[in-house]
Amino acid sequence: DGSGGGGEGGAVRVANPELEQMLARVLFPVGSAVDAADAGDAGSGRGAEMEHGVDLLLRTLTTILCLEPVLERLKTLQQRDVIDVEGAEIVYEQLLKVAGSAEIADRMLESSMYTVPTSPSEAAIDALAWPPRPAPQLSSATPSPPKESERAKAIAYLTKCDVEDRVSLLSNWLLALAAQDCSVIISMAAADAVATSTNLTQTVNSAGLVTSVGPADGPSGVLPEALAHAGSAVAYYVALADVGPKPVTKIATKTSKERTFCAAAEASAFIG
């Protein structure tokens, strides 16, 4: 469970191998300097030291992301998108018909973005949801798309829903888009003279602390001095960048880019 939580954490044991594997692929992809050095020094003392350092870094990052609620909160915001870019275009076209002009339609949306939009209505959720399929593992293929009948049901609802639902659906789509495009930044530093052996989450006024990391196949262990030095702890801050609200113009630009991407993918598949 990577949901994390606020306040002081207990001696949290973190075992999230999927998250650790994802971080490894993002931070040290095949062909990177670390990957090349590791392969070139395989079996040597330098190679073993580098492998140990990379493993420690990955487990420390995994521990931080499991202690903090940032990923779970971003996921919650991202899940407010229940129409995708294709649905956003349909809903916006219907809103334009009611508003009479793009200026009025945009004002309706912009005024709703000063507060967190309400969640989509029960009618919208029922019409737009299809039976859940097993969540794909990080290493598995993309899940199958919805059936055509389910897609037709969703589109039929989007063309007939009332103005309040249209504004809510588009506002939530823009909010989710902001959560999808933002960056998570984690800064870490060795902490000296730490008076606790407990992992602590960050607060508004203080950094978080990682004093132990929990490997997937064993109990938590004290951080080696290779990372923590004399303090035997890592202080960290987690922050978000580029998380501001998206403008209404994103509806048009996003749909245009989507068509370009789809056309390129279809051409590539045809050539292949």
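Mentor: A salt bridge is a side-chain nitrogen of Lys or Arg within 4 Å of a carboxyl oxygen of Asp or Glu. The model is predicted: local features need pLDDT of at least 70, side-chain atom pairs count only at pLDDT 80 or more, and totals for chains, interfaces and linings use all residues. Residues are numbered from 1 along each chain as its sequence is written, and side-chain values use heavy atoms, with hydrogens and water left out.

Trainee: What makes Asp-181 and Lys-246 a salt bridge?

Mentor: Their closest N and O atoms are 3.6 Å apart, and the limit is 4 Å, so the pair qualifies. Asp-181 belongs to helix α9 and Lys-246 to the loop between β5 and α11, so the contact ties together parts 65 residues apart in sequence. Helices (H or I, at least four residues) and strands (E, at least two) are DSSP runs, numbered from the N terminus.

Trainee: Why is Lys-246 called buried?

Mentor: Buried means under 20% relative accessible area, exposed over 50%, and partly exposed in between (1.4 Å probe, protein chains only). Lys-246 has 14%, so Lys-246 counts as buried, whereas Asp-181, at 34%, is partly exposed.

Trainee: How do you know that Arg-151 and Glu-148 form a salt bridge?

Mentor: The N to O distance is 3.3 Å, which lies within 4 Å. Arg-151 and Glu-148 are 3 residues apart in helix α8, and therefore separated by about one helical turn. Glu-148, at 54%, is exposed, while Arg-151, at 31%, is partly exposed.
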